[in-house]
Amino acid sequence: MLVWKGLALIFFTLLYGCEGNQNFFAGKGPQAYEIVKLWWTLFAIAVFVTLTVSFFLVKGAIKSDRTKVIDDQALGKGLVYGIAGTVSLLLLIIFSTLRLGHAPSHSQDSYEIKIVGKMWWWQVYYYDRKGKYLFETANEIVIPTNRSVRLKLLSDTVIHSFWVPALAGKVDMLPGRENYLVLKANEEGEFRGQCAEFCGTQHALMSFYVRAMAQDEYLKWKTNQMKSYNKIKKHSLGERVFVNSNCVKCHTIRGLGTASDKKLYGPDLTHLASRSHIAAATYPNNKGHLGGWILDPQGAKPGNYMPASALSGKELNALLAFLGGLK
Amino acid sequence: MNPEEKKIQELEDTWINPPGFIGWLRIVNQTNIGIRYINTSLIFFFMAGILGVIMRAQLSSPGNEIVGPEMFNQIFTVHGTAMMFLFAIPMVEGLGAYIVPLMIGTRDLSFPRLSSFSYFVFLIGGITLFGSLFLKVAPNAGWFDYVPLALKEWSPGKNIDVYATVITFIEISALAAAVELIVTILKQRAPGMSMARMPVFVWSILVMAFMIVFAMPGVVVGSVMLALDRLVGTVFFDASVGGDSLLWQHLFWWFGHPEVYIAFLPAAGVVSTIIPVFCRRALYGHTAVVLSMVAIGIISFGLWVHHMFTTGIPDQANAFFSVASAMIAIPSGIQIYCWIATLWTGKPKFSTALLWCMGFVIVFVMGGLTGVMVASVPFDKQTHDTYFVVAHFHYVLIGGVVFPLFGGVYYWWPKFTGKLLSESLGKWNFWLVLIGFNIAFFPMHLLGFMGMPRRVYTYLEEMQWGPLNLLSSIGSYILAIGFLLFIVNVVWTYLKGERSGNNPWGAPTLEWAIESPPRNYKFVEIPQVNSMNPLWDEETLLPATTGMRTDRREVLITEILTGKIQAVEILPTNTIWPLVLAVATGVAFIGSIFSPWWFVIAFFLVFLAITGWFWPSKPWGEGRDV
């Protein structure tokens, strides 16, 4: 019994004491919030049933009074009550579940953001409300607060699953199929998400952030993201390293160079410095981590498709300075 | 020598197991095959368990580097594949193959050579899987092996070919065992054992066997398509050229969900067998329990989409499968009620076997309730593919299958060996497992709530998953020690165990009417059955017939519903051909990992083996074996 008490204590401390940044009890979006409410119904039923069954099981096993004969007819009555109880609890669950049937319909085609699951990162495309393509980014999805944003979810590799627990349930990304998800955040903040369907070697660290901003900030962000890189007349060393070494094979910086390898295509880096994290939300975006990542990506995330770069200290510093300026 | 002794001597000679290693390979006797199945699957259980402990060690703290991602992916895939395909299915089949014929009062399974074949195929499959792990080319796309990750483009190595091969082995062996068990149960019951008098355990094996027959074709088709996609470039699953990545999931889960109940139903049958014995009363609600099992068997085929709620299947379809999934709680609840009612009105004696069953009820109820939770579509969208689900299915599979099976092993051990497992060691075994299990798996529910996806080889410190993972790992070590005590118990019993006699528990079913361990012919005379609990209701069992021949392997064939005698069937004797055929099959499938041509070569080998198998020999028993 002590074990259970201890566990219950840990349980409640966890749910309320710390809001882990991927905890679905955060409930920052309407869909996630409804599910938290549903959970409490389910939890109450589960506790009730477990206690009832355990009580009767243990009592039935250890009770000392065995002289009173209980005939099969009385037991039969009990069985009928038991079935009736089970059925009504199930109906309760089914109805509280069906009440939440507001998943996005598949008939609409309009969407603002298209997300493609890659190995092992997230390619993000923005569109305006008329469906015109605006720009590409990666691993960080910015949405305005208090407004429903429709996402189109695809994959051109293997099956991934798009999941931001604080905002909504997960939706798979399947090659050859289109799925949709409506995201809505009730408040500003950064919400972590992660791939939920096993997708190979680096599935564990295929994560991302959804950042919710006030509408005006969101528009500012969007306008900035649409800008291409302004080439300086005489190439800086950092630019030259980017264009002349392996980087540009897989990474695009709009206005400077376009990725040529369509299979090993990597994240668009046009506004790399505006993101808070690198390597699919694995490390904070600062000079130290970025430098370490460029020199030895395989040490950090074994099996990913980015090869190590042999750069001199001077070249690396110039490259980092250049990348750090990509606001 | 009096006539009775002469008869027994003749039976001994007719049913003899050939000596020596080659002889061992030729044995077709059902108790030998059954015990091989049980031993082998228990060994695979412990090996897969070690893999589980390695995974827990890797995850005990963030950023651990005990195993890298590639090895971790192979380990969790082999852990899952082995537990489902090499432990759960073969273990219940083995228990069925051993216990069922004794329980229904016959001398052997209907197709003795087929059971030998199915065992060897299973063995080759299991060795292939674990061998591949040592060679570091083990399957690495999870036990449900989703495409397109499992297609050539994304998994160019041999890993997935090994997977396709291994599950093909298990499909063949499971189908063979299922057919065998169905025919044996329907046609070889002792005279007088009508359907209504059939023990619950036999019912559970019957339902399980039918489920295998209906469920396996899904994964047979799936694995053949997968092998063809990989081997010769058909594009069943390749969406970029018109295939469908979701098709695999439908085919796999059509099998994969009933599979859970294929393992669970016999385990529930074990519980329904053990509880009445130790409560000294007949099972309350025999009919209700049997109907519940049949209902579970049927409903379980309408649940598979609940593994796919997040794939974008339309809401209406999801709702149907959601309700069907919740419905399974009703027959499960009925069984639990009947077990509690039996305990309540009986006089329970707390043997280790009964403890396992009681632990099972509580743990299984908890796992069942989280099952009802994830049957709810919106809730599943949050918890699907997280550690919440990992917790859920370990509660259901360890609590619902492993606990009762260990209870069953404790219960039937005297029948297998003639010796009683130590009760005090057994209780340590049980309590350590129960405590370790809960410490290992309860925190996983919470990790799921905190957003930890399953199948991750590592996680970042900032996720705050560290402490609960450490707790869970500690629990898994306790769990492992608990299971090790079982091995200690087996060794101790082998050395010093107490002799059990024929019926140590005072149980009512026919397997306890004969010697422990049973002779190869099991019953000197096939008994006449007049009630559901023959050993409780009758002083001595009367023979149903006289004059069955002792110079050949004869069994009685009875009518399906009523159990009236219909005929005498003569069974084949020991032979090497099942092994030869199993090896030929092995050449075909293992060879196909490397080249499709092996299939052609093996075709001729299989042809030879089958020719040998069916070569007309003297009428059975005219020439006695050895």
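## A tour from a buried cysteine to a cavity

Start by selecting Cys195(A): at 0% relative accessibility, this residue counts as buried (under 20% relative accessible area; exposed is over 50% and partly exposed in between, with a 1.4 Å probe and protein chains only). You are looking at a predicted model, where local features need pLDDT of at least 70, side-chain atom pairs count only at pLDDT 80 or more, and totals for chains, interfaces and linings use all residues. Residues are numbered from 1 along each chain as its sequence is written, chains are lettered from A and ligands numbered from 1 in the order in which they are written, and side-chain values use heavy atoms, leaving out hydrogens and water.

**The cysteines.** Over all chains there are zero disulfides, a disulfide being a pair of cysteine sulfur atoms within 2.5 Å. From Cys195(A), the nearest cysteine sulfur is that of Cys199(A), 3.8 Å away. Next, select Cys250(A), which is also in no disulfide; the sulfur of Cys247(A), its nearest, lies 9.1 Å away. Cys250(A) counts as buried because its relative accessibility is 15%.

**Chain A as a whole.** Of its 327 residues, 54% count as buried.

**The cores.** Now select Phe162(A) and Phe379(B), the residues with the most contacts inside the largest nonpolar core, which has 275 residues. Such a core is a set of buried Ala, Val, Leu, Ile, Met, Phe, Trp, Tyr and Cys residues joined through side-chain atoms within 4.5 Å. Helix H4 (residues 69-103) of chain B gives this core its largest share, 21 residues.

Stay on Phe162(A) and show its neighbours: not counting residues up to four places away in sequence, it touches, among others, Trp122(A), Leu151(A), Met173(A) and Phe208(A) (contact means heavy atoms within 4.5 Å). Then move to a second, separate core of 21 residues, which includes Val241(A), Trp293(A), Ile294(A) and Leu326(A).

**The largest cavity.** Finish in chain B. The largest cavity has a volume of about 200 Å³, and 18 residues line it; Val200(B), Ser272(B), Pro276(B), Thr509(B) and Asn533(B) are the closest to its centre. Here a cavity is a set of points on a 1 Å grid over the protein atoms alone where a 1.4 Å probe fits but cannot get out, and lining residues have an atom within 4 Å of a point. Grid points are joined across faces, edges and corners, and the volume is the space filled by probe spheres set on them.

Methods. Helix = DSSP H or I, 4+ residues; strand = E, 2+ residues; numbered from the N terminus. 1 Å grid on protein atoms, 1.4 Å probe; cavity = no way out; pocket = protein on both sides within 12 Å on 5 of 7 lines; lining within 4 Å.
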